[in-house]
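I opened this model to look up two things.

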Amino acid sequence: MEKRKLIWFWIITGILSFCIFTGGLFQALQLKGVVQGFKPLGYPTYFISIIGVWKVLGIIAILIPGFKLLKEWAYAGIFFTMSGAVISHIASNDVKAQILAPVLLAVFTVLSWYLRPTDRKIVAIN
């Protein structure tokens with residue numbers, strides 16, 4: 001069972017990492033299509049770059065070995081960003097097919113966090 005869990009961890013984490021990293025990179029570079037996607041939400045343009053940089057850094061933190069506490073924060077930050085994206089789209093009446101991506105990525109974030117191997121977890125000492 002443990003081997004199957006590890007395989008699923010890497011599949012889900014790989015998909016999550018690719019999507020969040022590339023999306024974050026496109027946001028940090030403020031590509032035209034990304035900026036257009038943010039317009040209905042009413043956020044200032046500089047906000048797009050800030051979110052993008054944090055996404056890229058979060059994925060790097062999740063993928064590099066060690067830094068268990070940093071990984072916990074990165075998972076939390078990515079989950080908050082994705083759930084915030086869903087809420088932002090709903091609040092601005094911009095509920096289209098593009099709302100599916102942040103919902104799915106929030107689920108993948110939770111699954112990756114849950115399935116992570118023991119050497120990537122903080123273990124409480126009692």
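**Entry 1: the largest pocket.** I looked up which elements line the largest pocket: helix 1 (2–28), helix 2 (32–38), helix 3 (45–63), helix 4 (68–91) and helix 5 (100–115) each give at least two residues. Helices here are DSSP runs (H or I, at least four residues), numbered from the N terminus. The model is predicted, so I noted that local features need pLDDT of at least 70 and side-chain atom pairs pLDDT 80 or more, while totals for chains, interfaces and linings use all residues. Residues are numbered from 1 along each chain as its sequence is written, and side-chain values use heavy atoms, with hydrogens and water left out.

Helix 1 supplies the largest share of this lining, seven residues. I read a volume of about 630 Å³ for the largest pocket. Of its 27 lining residues, Gln-27, Phe-38, Lys-55, Met-82 and Ala-85 are the closest to the centre. A pocket is an open set of points on a 1 Å grid over the protein atoms alone, where a 1.4 Å probe fits, with protein on both sides within 12 Å along at least five of seven lines; lining residues have an atom within 4 Å of a point. Grid points are joined across faces, edges and corners, and the volume is the space filled by probe spheres set on the points.

I sorted the lining by class: 17 nonpolar, nine polar and one charged. Nonpolar means Ala, Val, Leu, Ile, Met, Phe, Trp, Tyr, Cys and Pro; charged means Asp, Glu, Lys and Arg; the others, Gly among them, are polar.

**Entry 2: the second largest pocket.** This one holds about 260 Å³ of space. I listed the residues closest to its centre, out of 13 in the lining: Trp-54, Leu-57, Gly-58, Trp-73 and Ala-74. Helix 3 and helix 4 are the elements that give two or more residues to this lining. Helix 3 gives the most, seven residues. By class I found nine nonpolar, three polar and one charged.

**Entry 3: helix 1 on helix 3.** I took the axes next: they come within 7 Å and cross at roughly 150 degrees. That makes helix 1 roughly antiparallel to helix 3. Axes are lines fitted to C-alpha atoms, for helices over the stretch in contact, with angles from 0 to 180 degrees between N-to-C directions. Under 35 degrees is roughly parallel, over 145 roughly antiparallel, 65 to 115 roughly perpendicular and the rest oblique. The crossing of helix 1 and helix 3 is left-handed (the near helix is turned anticlockwise from the far one by less than a right angle; clockwise is right-handed). The residues in this contact (heavy atoms within 4.5 Å) divide into 14 nonpolar, six polar and one charged.

**Entry 4: helix 4 on helix 5.** How far apart are the axes of helix 4 and helix 5? I read 8 Å, with a packing angle of about 160 degrees. Helix 4 and helix 5 are therefore roughly antiparallel. Their crossing is left-handed. On the helix 4 side, contact residues include Tyr-75, Phe-79 and Met-82; on the helix 5 side, they include Pro-102, Leu-105 and Trp-113. I counted by class twelve nonpolar, two polar and one charged.

**Entry 5: helix 3 on helix 4.** Here the axes come within 8 Å and cross at roughly 140 degrees. That makes helix 3 oblique to helix 4. Helix 3 passes helix 4 in a left-handed crossing. Among the residues that meet are Lys-55, Gly-58 and Ile-62 in helix 3 and Lys-71, Ala-74 and Met-82 in helix 4. The contact has ten nonpolar, two polar and two charged residues.
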